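Please walk through this model strand by strand, starting from a pairing in the sheet and moving on to the metal site and the nonpolar core.

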Amino acid sequence: MMFRVSKRIEVAGAHWLDLPYDSACKNMHGHNWIIVVTVQAEELDCTGMVIDFKSLKEIVHKLDHQCINDVVGAEEIINPTAENIAKWIAEEVDNHLSFSNSSARVEQVEVQESEGNKAWYIP
Ligand SMILES: [Zn+2]
């Protein structure tokens, strides 16, 4: 038996990528990322939730209207690709779950960077 929730959140922001080859992505540019976070749990928390949808929005919105390089790469230098953004979100949500619902964990994070371009992180 398992409960599963997912939330879709749009984030507007800017980033640039450190690449060892010529690419327009090396210049600062913007995206409207569409992020879907899926969390599952064997047990619900004391409020009857896997995780509050509001908490998921708050975590993902740490990226909203930011330079993503400064947020995802704040502690160590990380190239903010769709893949690394997905991993960062999963780690932030897992951090939150460690005190809100210890039976819950991130199943996957999907990051759509542009029409047709998606990345997933599955912990
Ligand atoms: Zn980009």
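Ala14 stands opposite Cys67 in strand β3, in a predicted model whose local features need pLDDT of at least 70, whose side-chain atom pairs count only at pLDDT 80 or more, and whose totals for chains, interfaces and linings use all residues. Residues are numbered from 1 along each chain as its sequence is written, and side-chain values use heavy atoms, with hydrogens and water left out. The strand β3 covers residues 66-67 and pairs with β1 in the parallel sense over two bridges, where pairing requires that DSSP finds at least two bridges between two strands. Strands (E, at least two residues) and helices (H or I, at least four) are DSSP runs numbered from the N terminus. With β2, by contrast, β1 pairs in the antiparallel sense, over 13 bridges, and within that pairing Val5 stands opposite Val39 in β2.

The zinc ion has His15, His29 and His31 as its protein donors, each through NE2 and lying 2.0 Å from the ion; donors are N, O and S atoms within 2.8 Å of the metal (3.2 Å for Na, K and Ca), and water is not among the atoms, so sites may look incomplete. Along the chain these donors follow the spacing H-x13-H-x1-H. Because His15 lies in β1 (residues 3-15) and His31 in β2 (residues 29-41), the pair ties together parts that are 16 residues apart in sequence. His15 is buried, at a relative accessible area of 0%, and His31 is buried too, at 16%, where buried means under 20% relative accessible area, exposed over 50% and partly exposed in between (1.4 Å probe, protein chains only).

His15 is also among the contacts of Asn69, which touches Ala14, His15, Trp16, Ala74 and Pro80, not counting residues up to four places away in sequence; contact means heavy atoms within 4.5 Å. Asn69 is found in helix α2 (residues 68-72) and counts as buried at 11% relative accessibility.

What are the residues with the most contacts inside the largest nonpolar core? In this core of 30 residues they are Ile35, Val37, Val39, Leu63, Ile89, Val93 and Val109, a nonpolar core being a set of buried Ala, Val, Leu, Ile, Met, Phe, Trp, Tyr and Cys residues joined through side-chain atoms within 4.5 Å. The elements that give two or more residues to this core are β1, β2, α1 (53-60), α2, α3 (82-100) and β4 (104-114), and the largest share, eight residues, comes from α3. Val39 has contacts that include Val5, Leu56, Val93, Leu97 and Val106, not counting residues up to four places away in sequence.
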